Amino acid sequence: MQTQTLTRGLSARHIRFMALGSAIGTGLFYGSAAAIQMAGPAVLLAYLIGGAAVYMVMRALGEMAVHNPVAGSFGHYATSYLGPLAGVITGWTYAFEMIIVCLADVTAFGIYMSLWFPEVDRWIWVLSIIFFIGALNLCSVKVFGEMEFWLSIVKVGAIVAMILGGVAIILFGFGSAEASGLHNLWSHGGFMPNGWGGVIASLAVVMFAFGGIEIIGISAGEAQNPQQTIPRAINAVPVRILLFYVLTLTVLMSIYPWPQIGSQGSPFVQIFESLGIPAAAHILNAVVISAAISAINSDIFGAGRMLYGMARQGQAPQSFAKLSSNGVPWMTVLVMAAALLVGVVLNYLMPKDVFLLIASIATFATVWVWLMILLAQVAMRRKMSKEEAAELKFPVPFWPYAPLAAIGFMLFVIGVLGYFEDTRSALLVGAAWVALVVAGHFLWSRVLAPGAEAEAQRDAA
C-alpha cells in the first residue's frame, strides 16, 4: 500500500545533526590543506566571510521553509517566486550536484576500505556501499535520520578530539611537534603571506567545504513541527560550523608552520601522530569512512526529495512522485543508485584529471543553488505586503541589506571560478549544464508537460 504524502519522522536532533554533518566532511578532513596552501593563515578570514554568507543563505531558506514547509524546498520556492524555468534549473542542478558528490564519495569509500583490505577489489566495496545506502534510504525516514545522527556524532567527536589534542600540544608540549604556538600564525611570511589574492583564490575550496548544509531546507517536508525545529537547527548550526572550521584550523596552524600542512597526508593524521598515537592513520580512516557514508546517505536523501517535489509540480517524470508504504519516494532512490552504478564505471574509464574536473562542477552547482535561494527569498518578500512580512515567524535579519550583500558575494565567487585558470573549466562546464537544462525544459514543456501537469493535478486532487 502506498501513502500519498511524505512522513514527518525527523526530530529536531535529526535535522540539527544532518545539517551539521553534511557540511563537515572531506572539505575539512582533506580540502582544508589545499585552502591553507592558497591563503596561509589568512584562510581563517575566508572561512569567516564565507560562513557569514552561508548563514544568510540558511536564514533566507529558513524564512521560506518555516513560511511554507514543502517537499522540494528551494526548487519549489524558485518555481513559486522566480518562475518555472528557475525552479527547473535549480532543482536539476542540485540533483546533478548530489550525483557528482556521491560519485566522489563512493569512490573515496572504496579507497578508504583498501587500507584495511588491500586484497579485496575496490569495486566490491563501491558496489556494497551503494546497495547498503540505497536500502537504508528505502526504509522509513526516521531510520535515515537515526543513521545520519550517529554518523555525524562520529565526525564531530573526531574534530573535538583533534582540537583538545592540539590544545594539549600547544599548552603543555605533549607529543612530538616542535616550536608549536600561536606565533606560527604570523611567523612564516606573515598572517597573509599570499596577499588578498590568496584569500580570494581559496574561496572556491572554502565555499565547497560548506556545501550540503542546504539539506536542512529539504528536510522541512518531513520534519516534526518544522516551525520550531527548522529555526533551532539553522540558528545552532552556523555557529558550530564556524567554531569547528575556524578553531580547528587555528589549532592546526599553531602546531605546524602552515607550509608544512598537507605535505604528509591529511592534517588530522599529523595531529594524531604528533600525540604519539601509532594508529593515527587507522583512527582517521574510520572517521573518514563514517564521513563518506554520511555524505552518500544525505546526498541520496536530498536529491530524492528534490526530484519528488519537482515531480509533484510536473517538472520531472511522475514516477518520481510515487511513495512506498513508509512514505519514501522509492523511485528516486533507485534512480540515484543506478546513476551511481553508471558513474562508478565511468570513473574507472576516465583519467584522473578529467574526473577531478567534473567533480569541481559541484562547487559551481553549490554556489548556484545558494544564489537561487537568496533570489527566491528576495522575490517572495517583494510580493508580500508590509503586514504579511511582519507576520513571518522566522524573518531574515537586516533585511534587505544582508540578503543583497550575500547575493553580491555569491556572484563574486562565481566570478572567482572564472578568473582562476584551475577553476575556469568548472565554470564553463557548469554554464554548459545550465544551457542543457534550459533546452531540456523547453523540450519538456512542448512535448511532455501537458500530460505530466494534468497527472500531477489529478494526484493533488
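The following exercises, each with a worked solution, concern a predicted model.

**Exercise 1. The salt bridge**

Determine how many salt bridges the model contains, which residues form the salt bridge, and whether Glu63 and Arg381 are buried or exposed.

Solution. 
1. The criterion is a side-chain nitrogen of Lys or Arg within 4 Å of a carboxyl oxygen of Asp or Glu. Under this criterion the count is one salt bridge.
2. The partners are Glu63 and Arg381, whose closest N and O atoms lie 3.0 Å apart.
3. Buried means under 20% relative accessible area. Glu63 has 2% relative accessibility and therefore counts as buried. Arg381, at 11%, is likewise buried.

**Exercise 2. The packing of α6 and α13**

Describe how the axes of helix α6 and helix α13 cross, and state which classes of residue make up the contact.

Solution. 
1. Two packed helices are described by the angle between their axes and the distance between the axes.
2. For α6 (residues 84-116) and α13 (residues 280-312), the axes come within 8 Å and the crossing angle is roughly 155°.
3. Angles over 145 degrees count as roughly antiparallel, so α6 is roughly antiparallel to α13.
4. The handedness of the α6 and α13 crossing is left-handed.
5. Sorted by class, the contact of α6 with α13 comprises 26 nonpolar, five polar and two charged residues.

**Exercise 3. Helix α18**

Compare the end-to-end reach of helix α18 with its expected value, and list the buried residues of α18.

Solution. 
1. Helix α18 (residues 401-419) contains 19 residues.
2. From the first C-alpha to the last, α18 reaches 27 Å, close to the 27 Å expected at 1.5 Å a residue.
3. The buried residues of α18 are Ala402, Pro403, Ala406, Ile407, Phe409, Met410, Val413, Ile414, Val416 and Leu417.
4. An α-helix has 3.6 residues a turn, so residues three or four places apart point the same way.

Note on methods
Residues numbered from 1 in each chain as written. Predicted model: local features only at pLDDT ≥ 70, side-chain atom pairs only at ≥ 80, totals over all residues. Heavy atoms only, no water. Buried < 20%, exposed > 50% of the residue type's maximum accessible area, 1.4 Å probe, protein only. Axes fitted to C-alpha atoms, helices over the stretch in contact; angles between N-to-C directions. Helix = DSSP H or I, 4+ residues; strand = E, 2+ residues; numbered from the N terminus. Parallel < 35°, antiparallel > 145°, perpendicular 65-115°, else oblique. Left-handed = near helix turned anticlockwise from the far one by under 90°. Nonpolar A, V, L, I, M, F, W, Y, C, P; charged D, E, K, R; others polar. Expected span 1.5 Å × (residues − 1).
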